[in-house]
Structures are given as C-alpha cells and as structure tokens.
Amino acid sequence: MSSTTTSTSTPPTPPSGSTDAATGGPRRWYQRPRLVVGLLLAAGLYLVLARLGTRRLRFRGGDVLGDPDLAFDPAYAWSLVPDALNALTVTAFSAVTGFAFAAVLGLVLALGRRARSRLLSWPFAAFIEFVRSTPLLVQLFFLFFALPELGVTLSPMQTIVLGLGVHYATYCSEAYRAGINSVPKGQWEAATALSLSPAVTWMRVVLPQAIPNVLPALGNFLVAGFKDAPLGSAIQVTGVLFFANTTAGRDFRPVEPYLIIGLCFLLVSIPAAWLVRRLERRIGYERV
C-alpha cells in the first residue's frame, strides 16, 4: 500500500496596494501612492541638485592653513569639506543628467540598430562602434574645442552632459539590445496573433520584459558615468577633480583634497548601487 502526498506551492503575496481592488489586476503607476511619492521625491531631489550643480564655483581657500609638519592635517582637511561638497553637486548633476540622456538615447540607438533595413541599421551600428572605440576624453575635447570651429559652442556643463550622454548611450544600446533579444519568441508571436500594433507590442509586451533584464547593466553604467564625470575638469567643469587640482596647486598639499574627493565618490556610488539593487528586486517581483 502506498500513500501519496500532494504538495501545493503558495504564490507570492503581492505587496500592499499593488493590486486594484475593482479588477484584481495590477494598479497603474499613478494609482500607487508609494511609487508616486518616490517619483515626486526623486524629482524634488533632482531640482535641488540642478539648482546647486549648475553654479560656477571658485575655490579660493579659507583661513586654515595646513601644518607643514603633518602629512595629513585633520583641521585643514575639515576646512576643505564645504568646497568639496559644492564641487560634488556639480559632478553628481552632470553624471545624473548625462545618464538620463544616455538611457533615452541608448534605447533609440538599440531600436535603430535592430531595424530590418540595412540602410538604417548600418549607420546606427557604425556610430555605436565608433563612439565605443574612442576615449571619452577625446570626445569631450572634440565637443569643447572643435565644435566651435564648426559654429557650435557649448558651455563646459553642456559639454560634459552631452559627452557622457552620447558615450554611455552606446553602451546602454547594447544592453537594451541584449534585453530585447532575451524576450521569448512566443511573446512576439502572441502579439502578432492578437493583432497588436507595433507601438503596443513594444510598449506593453517587449519593453516591460526587456528593461528589467538590463537594470543591473544600467546601474553599472550609472556608477561608471559618475566616476568618469570628473574628466570634465579638463574642460573647466568645476567638479570634484577640478576642486582637488585647484586646492592641491594652491596650497601644495595634495593628500587632503584627493582623499576627500575619494570619500565623496563613496558618498554617491554606494547609495546609487543600493538604489539600483532595490529597484531591480522590486521590478523583478512584479514580473513574477
């Protein structure tokens, strides 16, 4: 005599407020209070960052001079913190704005490279490979020093934002392309069977499945873009590296300013990585 047992799997419990009480389906994004509050908070923080990060800073130093007998003077280092934080807002604003531009442009480049017509896909592919194969610093010099010869003049902040945006858009496009390719073929066939328009197929079927797959890569590009943003010091963007170079040259003490900007990078990179992982887990759950 044999006994049989049945096992039942318990479906995951949706988070509170994520389902519509009337339809039982998932709520629209604007029907989720926590999401709306988070978006408003993010928009408010960005506006504050834009207000602080677009200033033209001057680092003239204070009254505290470093002790020449000490390799690291804590009092002198502390006196540099306000200027370092001001410079950090410039670097963070350029990195965040450049990444936002890259995330949008990268999707356009990915769709262009997937075009069925080679006359359309080949120029996109050539542009992506060219930008990816040249250093960001060379691209910044071209935008800042060569474009004025062609009648286009950009400010230092516009140059670093455009340079970061275009450079990382090419990397984001490859990530988007990989995410789109990971969508099962059956999803495309189902959309065709339901006679969905191309726009609805992309917006409601393909991209909602593709983008969560590339979030880790996009998060890495955000952190990498923040670490590349100090290259703007070469074109007079008054960010953290410009602050450190100016202070070290003025006071002949390189230890304190370069150590402080290293800590500034940690202040931004670690929370950014944590937010990306949290967003990845959140979206990963909603795909279940």
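Colleague: Which residues line the second largest pocket?
Modeller: This is a predicted model. The elements that each give two or more residues to that lining are helix 6 (185-193) and helix 7 (198-228). The residues that line the second largest pocket are Leu111, Arg114, Ala115, Arg116, Trp188, Ala191, Thr192, Leu196, Pro198, Thr201 and Trp202.

Colleague: What is the volume of the second largest pocket?
Modeller: By class, its lining has seven nonpolar, two polar and two charged residues. The volume of the second largest pocket is about 340 Å³.

Colleague: Are helix 2 and helix 3 parallel or oblique to each other?
Modeller: The axes of helix 2 (residues 74-113) and helix 3 (residues 118-132) come within 7 Å and cross at roughly 135°. An angle over 145 degrees would count as roughly antiparallel, and 65 to 115 as roughly perpendicular. The two helices are therefore oblique.

Colleague: Which residues in helix 3 meet helix 2?
Modeller: On the side of helix 2, the residues are Val108, Leu109, Gly112 and Arg113. The residues of this contact divide into seven nonpolar, two polar and two charged. Those in helix 3 are Leu120, Ser121, Phe124, Ala125, Phe127, Ile128 and Glu129.

Colleague: Is Ser121 buried or exposed?
Modeller: Ser121 is found in helix 3. Leaving aside neighbours within four places in sequence, Ser121 is in contact with Gly112, Arg113 and Ala115. Its relative accessible area is 8%, and the cut-off for burial is under 20%, so Ser121 is buried.

Colleague: How many helices does the protein have?
Modeller: From the N terminus on, the elements run α-α-α-α-α-α-α-α-α. The protein has zero strands, and its helices number nine.

Colleague: What share of contacts between residues at least 6 apart in sequence join residues at least 24 apart?
Modeller: Buried residues make up 35% of the 288 residues in the protein. Among contacts between residues at least 6 apart in sequence, the share that join residues at least 24 apart is 73%.

Colleague: What is the phi of Gln236?
Modeller: Gln236 is placed in the loop between helix 7 and helix 8 (240-251). At 37% relative accessibility, Gln236 counts as partly exposed. Although Gln236 is not a glycine, its phi is positive, at about 75°.

Colleague: Is Phe252 buried or exposed?
Modeller: Phe252 lies in the loop between helix 8 and helix 9 (255-286). Phe252 has a positive phi of about 55° without being a glycine. Its relative accessibility is 71%, and the cut-off is over 50%, so Phe252 counts as exposed.

Notes: Residues numbered from 1 in each chain as written. Predicted model: local features only at pLDDT ≥ 70, side-chain atom pairs only at ≥ 80, totals over all residues. Heavy atoms only, no water. 1 Å grid on protein atoms, 1.4 Å probe; cavity = no way out; pocket = protein on both sides within 12 Å on 5 of 7 lines; lining within 4 Å. Points joined across faces, edges and corners; volume = space filled by probe spheres on them. Helix = DSSP H or I, 4+ residues; strand = E, 2+ residues; numbered from the N terminus. Nonpolar A, V, L, I, M, F, W, Y, C, P; charged D, E, K, R; others polar. Axes fitted to C-alpha atoms, helices over the stretch in contact; angles between N-to-C directions. Parallel < 35°, antiparallel > 145°, perpendicular 65-115°, else oblique. Contact = heavy atoms within 4.5 Å. Buried < 20%, exposed > 50% of the residue type's maximum accessible area, 1.4 Å probe, protein only.
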